[in-house]
Amino acid sequence: MVLELKDIYKSFGEKEVLHGVSLSVENGKALGFLGRNGAGKTTTIRILMDVFRANSGEILLDGKKFVPGKHRIGYLPEERGLYPKRKVMDQMIFLGTLRGMKGREAKESAERWLKRLEVDMYADKKLETLSKGNQQKVQLASTLVHDPEIVILDEPFSGLDPVNAQILKDVVNELIAQGKIVIFSSHQMNYVEEFCDYITIIDKGRVTLDGDLKEIKREYGRNRLILAADDVPPAELCQRAQQVLEGLARVFEVKKEFLVLELSEGPDRRKILERLAGSDLQVEMFGRYEPSLNDIFVAKVGEESSDESK
Amino acid sequence: MRKFGIVLKYELKEYLANKGFMAVTIILTVVGILIMFLPRVFDMSDFTGVQVVEKDTSGDTDTVDDGEKDLYLYYDEKGIVDEALLTQMMPGADWQKTESREELVSLVGREGLSESGAGESSALESDGRTPQAGYVITSETSYEYYVYNKSMSDNNTYMFDEVMRQLYRNEYSKERGWDIDEIQAMYQVPITVEEKVLNKNNSENFWYCYILIIAIYIIIVLYGQMIAVSVTNEKSNRAMEVLVTSTHPNSLLFGKVIAGAVGGLLQSGLILGGFLISYKANRDVWGGQLDMFFNVPGDVLIAFALFGIGGYLFYAFLYGAMGALVSKTEDVSKSSSGLMVIILVVYFFALSQLSDIEGPIVKVLSFLPISSYSTMFARIAMGSVALWEVVVSFVILVVSILAVGALGAKIYRMGTLRYGNTVKRKTVLKELRKQK
């Protein structure tokens, strides 16, 4: 099962907010859908959910027109979406039956999910009486109560402490293992890295980067090395490295623990090693640079911003 | 349809689980029933005209307990008053004469009274009762009236005027040798009237129509506002975002509005039903005094229910749509102000035109969906209306409800995900035109 958004354009009044967004995700995989605030993530998700109509473009599931009403979709909105003054179990049964389940099925499933997320003791409580983290878990339980085929999670980790985050991580991993399509939108890049095989970065309504996360990382790490030396802080090491490696590499970035070097055209790693061995630097760490998703995101979105300001 | 049923059931359950809603319903219903039983417990003969009597177990005749009578004083220096006539004309009063004006004023003014009532030093046999008022008769045609605190409903002077007039007539006739009984009989010759109202008796129908129009107005405004606030709440807590992705907005709005209608019908039905049924059970002890309010004929009640529910649904859909145009509950009144103006204008027009129920204004209003909910049933209750007129008006109302429901659902769908400022009416119209 492959879900695809193709060339989606959307305007509100005179203002165009999505300029041809395309993305694709298949079942058993998770797509990290990333972007800064106001980049167009939620609008894209709402178009996918048929909350908004796109001005042009198409949404396909296995090559056929995607009709959200015909599929079980679990949507966890960024700003929550339950009634604060109503009881947890009542709301879950309501949402389950509204999405096609029978009352008894919905109740059983709600009980199962509340137990799985360790909030079953709050079933008869009003949502507003729960802590933020527990409300978030109830929200996730209500997203999954009807066993959706497609799960869209918008900032699911916000408000969760590390223990609860781990429970949620396990659940998301289970969903992926069960072969569901998972679209995961978050600013917390470490979580995206953990779950997502593919990423799509959107900025100002345009997709600026998408593809297999491993390949993207490899691409971003190509011609880049890391270097750390004993007893030399990265700031000082930066000056020393520029002198030692002049003509072979330049310092691309100074990190807290190490430097990121970018190779000049031509030379290989062996020549750099020889130059370092000949210097007085006590090399502590030397190897291929694998950027974090955060680095890629900042680099990509920053790059776009600076391109526009030029 | 199934999803509509789910929303309806869920929303209705919320109404019934709402402690405030249930408390108001139960309290008002019980209070209504208790009020209707009051004349069985308390003597309300002044109002109902039905004397509360106690069976005298020692004899065969019914007697009024003198101890329950109010005490009145009078000072009659010239011996004008006939106490027998006083007792006859004011049977609810127990009369006692004082020796002087000063004594009367002092007793009525409660000077030197013990806590239990009459002055300990007074020669009067007052059984511990406090005098309600006192009369000082100064001449055949004048007297002074003394009362400690004059109540809103004090009509003692009116009754005493009648006593004085009768005394004067008696004396006048006696001086001239006329037979007062003959004159009285001539003046009060009984006239037999056989009234046959061939259609509607508006002297009876006016007040219950008035009350029912006020009732339906309150229901529309109260529940309409509740629906608007509930929609805005869903929008502000983002529940809407999950709901509109789970089902069609028509199911959501129709379910919510109809749940409100059922809730309102249940609440007002219980309260009104409590009044009507308990009044029917106690009509004899009320002496039919409240017929004008509560003796509503069945056909008028059915018309009230049908047109009332129709009018409620018509406005409730619009209220739902108005609620979707704002993001904060405090802005609901701003967005629904236009609707409120229409409802108020219709309300005042309907009430002001009740006295001219056959007039052209009421006829026109009784066909318009914005006003037929009150004017058509008023016409049924008070005027002459053909069956075809009722049917046409009801069909117009039903079609308008469906149209407004569909329009409301579109506005609701459009407004629900527009956060921030109130969505302007111009924008709404523009968007609706686009959707066509």
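Patches here are made of residues with over 30% relative accessible area and no salt bridge, with like charges joined within 9 Å and nonpolar side chains (Val, Leu, Ile, Met, Phe, Trp, Tyr) joined within 5 Å. Accessible areas come from the Shrake-Rupley method with a 1.4 Å probe, and for residues only the protein chains shown count as cover. This is a predicted model, in which local features need pLDDT of at least 70 and side-chain atom pairs count only at pLDDT 80 or more, while totals for chains, interfaces and linings use all residues. Residues are numbered from 1 along each chain as its sequence is written, chains are lettered from A and ligands numbered from 1 in the order in which they are written, and side-chain values use heavy atoms, leaving out hydrogens and water.

Chain A comes first. Its C-alpha atoms fill a box of roughly 75 × 45 × 30 Å along the principal axes. The secondary structure of chain A amounts to ten helices and 14 strands (DSSP runs numbered from the N terminus, with helices being H or I of at least four residues and strands E of at least two). Of the 310 residues in chain A, 51% are buried (buried is under 20% relative accessible area, exposed is over 50%, and partly exposed is in between, with a 1.4 Å probe and protein chains only).

On to the charged surface of chain A. A negative patch brings together A:D230, A:D231, A:E257 and A:E284, and a positive one is formed by A:K214, A:R218, A:R269 and A:R288. For this bookkeeping, Lys and Arg count as positive and Asp and Glu as negative, with His and the chain ends not counted; the place of a charge is NZ of Lys, CZ of Arg, CG of Asp or CD of Glu.

Next, the salt bridges (a side-chain nitrogen of Lys or Arg within 4 Å of a carboxyl oxygen of Asp or Glu). Over all chains, the search turns up 28 of them. A:R53 pairs with A:D50, with 3.1 Å between the closest N and O atoms; A:R53 is exposed at 60% relative accessibility, whereas A:D50 is partly exposed at 28%. A:K255 and A:E253 meet at 3.4 Å, N to O, with A:K255 buried at 18% and A:E253 partly exposed at 29%. In chain B, B:D284 and B:R40 form a bridge at 3.7 Å, N to O. B:D284 lies in helix α10 (residues 249–286) and B:R40 in helix α2 (residues 19–41), both of chain B, so this pair ties together parts that are 244 residues apart in sequence. A network of salt bridges also links A:R86 with B:E11, B:E14, B:E234 and B:K256.

Chain B splits into domain 1 (2–37 + 201–435) and domain 2 (70–175), with bounds from an automatic or database domain assignment. The centres of these two domains, taken over C-alpha atoms, are 55 Å apart. Chain B also carries a nonpolar surface patch of B:V341, B:V345, B:F349 and B:I361, with about 320 Å² of accessible area together. Helix α14 (residues 337–352) of chain B gives the most to this patch, with three residues. B:V345 lies in that helix and is partly exposed at 43% relative accessibility.
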